[in-house]
Amino acid sequence: MKILMASSEAVPWAKTGGLADMVSALSISLANLGHDVRIVIPRYYPIDRSKLKLIPGAMGTPMGGGIQEWSAVYTTEMPGTSGKNPVKVYFIDHEIFFGRDGIYGNAIETDFIDNSRRFMFFSRAVFQLCRKIKWYPDVLHAHDWPAAVAPVYLKFAERVASASGEFKKTVSILTIHNLGYQGIYHKDNFDYAGLGWDVFYNGGFEDWSMLNMLKAGLYSADKLNTVSPNYAKETMTQAHGFRLDGVLRYRNADYCGILNGIDTDVWNPSKDKYIPETYSLKDMAGKAKAKKVLQKEFGLHEDPNIPVIGMVTRLTDQKGVGELFGPTYGSAWSICRDMDLQMVLLGSGEYWCESETSGLASRLSNFRAKIGYSEKTSHLIEAGSDFFLMPSRYEPCGLNQMYSLVYGTLPIVRSTGGLVDTVQNYEEKTGGGTGFMFEQLNPSSIYNTVGWAVWAWYNRPKDIIKMQERGMTKDFSWESSALKYVELYEATFKAQGMKVPVGNESSALDIKETVIEKPKKETTKIETPKKEVSKKEAPKKEAPKKETAIKEAPKREAQKVKSDKPKKPAASQPKKNASAKPKKTEAAKPKKPAAKKTKKK
Ligand code: ADP
């Protein structure tokens, strides 16, 4: 099959989170199965042009209002894939839209004011790229809101209207990596899409008189999926649906969850280049060494017996950082004060949290934080910690808990999203499980569950070793996930009444396993568009050789709306001198007092 991944991020060029890892890793795995996989991303300012190959001739992309956007196209191959199954990567180089620092925003402008235009353009440029390189995909696989409009263009313009019909046999998939980010902007921006206003309604853009780019993709893509089966279920509920649960329930026959894999070449303790010494189940000496180096690097007392709790995270509300580090009510302070443990954090994100964690590190001898982004340190934390804390408010899949498991680092997680699919809660009676879980996101649940894990560390060392072993033998490789995506692609052709393209590798796995059952009642009604609505066809001729800047600067948007995020719970102040043996009232298995060993004050 010919598969085109349209994404705003892909490692090693542009990354803000798991999306970038997934797009590259899935592409490589699909290529290894024999498919022709290509990736298209924007060429952001930090991506060095001199390391890429320019495809001669500027590319014109027709947008609304008669605007023709001109861009250059660069290409290269995904590192490590040249030879038999190369993954070609294309970069859309539009200086005004992408020649700036930041993918979606920067420190001053957290969400660029022209984001709807930037990514509507990108979504349409995807088709022009195919024309330019004369390669037409069987599957257009779009990722998250920045590429969500590509399936809309396919459905309402390219597949039905394009005179040349190059995309007549192309199907579309949209993968949701995080429903919390939807690309909601003022509807005045819609003119720029170059689609008729009937598509604004029929295509699903309309969202309480605003323009919602993800919602349009969810209405228009042939099939949808998200990155774990449990998150697929959750997103169809009001609690986790970010107001799009109705759309997802409506589309549930076309919606499933496929668990992300991890890059086992990069995240593998037996061949990790970033850690001081590699290790495996047979010889865990390297893990002890990593712990020592971690403690040293973070300026902590070097002690092999004290449990180290690690965190690598974006410092955003989604990750539960309010409940953990919120001034006056967050539980990190009491955890570090009351329990005999050490805690290390690597992260960046919201300013309040960066300064709060830095402040905490200066007041506590057993808490250290590094603010910033460091691949090397993140590997050291995974290898050198004994536990890994993820108190996520929601987690579409989550990668770090999988890294932790294969590094013999026990995850302490909230039971949400992909964390439920990957971590099994500790059972004291049998010693079973691979980590520690809690249901409610609040400071005391985190406190109690960390306490529970620390209690097990000191009092049930054999269980801890068994849990490590279970985690380290888990298979989270991309191979099985890639086969499920192949099944999904095949199912999409069948659902469209099209033949599955020849040359595809058939998969042994059954996609039904991940398909969510259809709810009894449909909650939303969407009308099927009756006619083709594209206003302007793609140019058939190659654009002029010289790159020209667009004539019209994007208008300043009158109003900008960000996607809704759940609110933080009301602040609750843990009691002063909170008990050193906290009762586990909120943890999933709240039976034992938490930290038996307490810090001397
Ligand atoms: P999300 O995509 O919501 O941020 P995931 O767990 O899916 O969460 O993926 C996060 C990825 O980003 C992981 O690979 C994680 O190690 C990495 N990461 C997050 N913050 C940092 C950081 N400060 N330094 C290095 N890596 C980070």
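Buried means under 20% relative accessible area, exposed over 50%, and partly exposed in between, using a 1.4 Å probe and protein chains only. By that rule F119 is buried, at 0% relative accessibility. The model is predicted: local features need pLDDT of at least 70, side-chain atom pairs count only at pLDDT 80 or more, and totals for chains, interfaces and linings use all residues. Residues are numbered from 1 along each chain as its sequence is written, and side-chain values use heavy atoms, with hydrogens and water left out.

**Overall build**

- The protein has 19 helices and 18 strands. These are DSSP runs numbered from the N terminus (helices H or I, at least four residues; strands E, at least two).
- Of the 601 residues, 60% are buried.
- Contact means heavy atoms within 4.5 Å. Among contacts between residues at least 6 apart in sequence, 74% join residues at least 24 apart.

**Aromatic pairs**

- Rings of Phe, Tyr and Trp (its six-membered ring) pair if their centres lie within 6.5 Å; planes under 30 degrees apart are stacked, over 60 edge-to-face, and the rest tilted. The count comes to 30 aromatic pairs.
- F98 and F119 form a tilted pair, 6.0 Å centre to centre with 55° between the planes. F98 lies in helix α2 (residues 95-98) and F119 in helix α3 (residues 115-133), so the pair ties together parts 21 residues apart in sequence.
- F98 is buried, with a relative accessible area of 0%.
- Y426 and F436 also form a tilted pair, at 5.3 Å centre to centre and 55° between the planes. Y426 sits in the loop between α16 (418-422) and β18 (436-438), and F436 in strand β18, so this pair ties together parts 10 residues apart in sequence. Both Y426 and F436 are buried.
- One aromatic cluster includes F98 and F119, along with Y44, F97, Y104, F121, W145, Y185 and Y192.

**Second largest pocket**

- On a 1 Å grid over the protein atoms alone, a pocket is an open set of points where a 1.4 Å probe fits, with protein on both sides within 12 Å along at least five of seven lines; lining residues have an atom within 4 Å of a point.
- The second largest pocket has a volume of about 820 Å³, the space filled by probe spheres set on the points.
- Its lining has 34 residues, with V11, I28, D263, D265 and V266 nearest the centre.
- α1 (18-32), α14 (375-384) and α19 (478-495) are the elements giving two or more residues to that lining. α1 gives the most, with 8 residues.
- The lining divides into 14 nonpolar, 11 polar and 9 charged residues. Nonpolar covers Ala, Val, Leu, Ile, Met, Phe, Trp, Tyr, Cys and Pro; charged covers Asp, Glu, Lys and Arg; the others, Gly among them, are polar.
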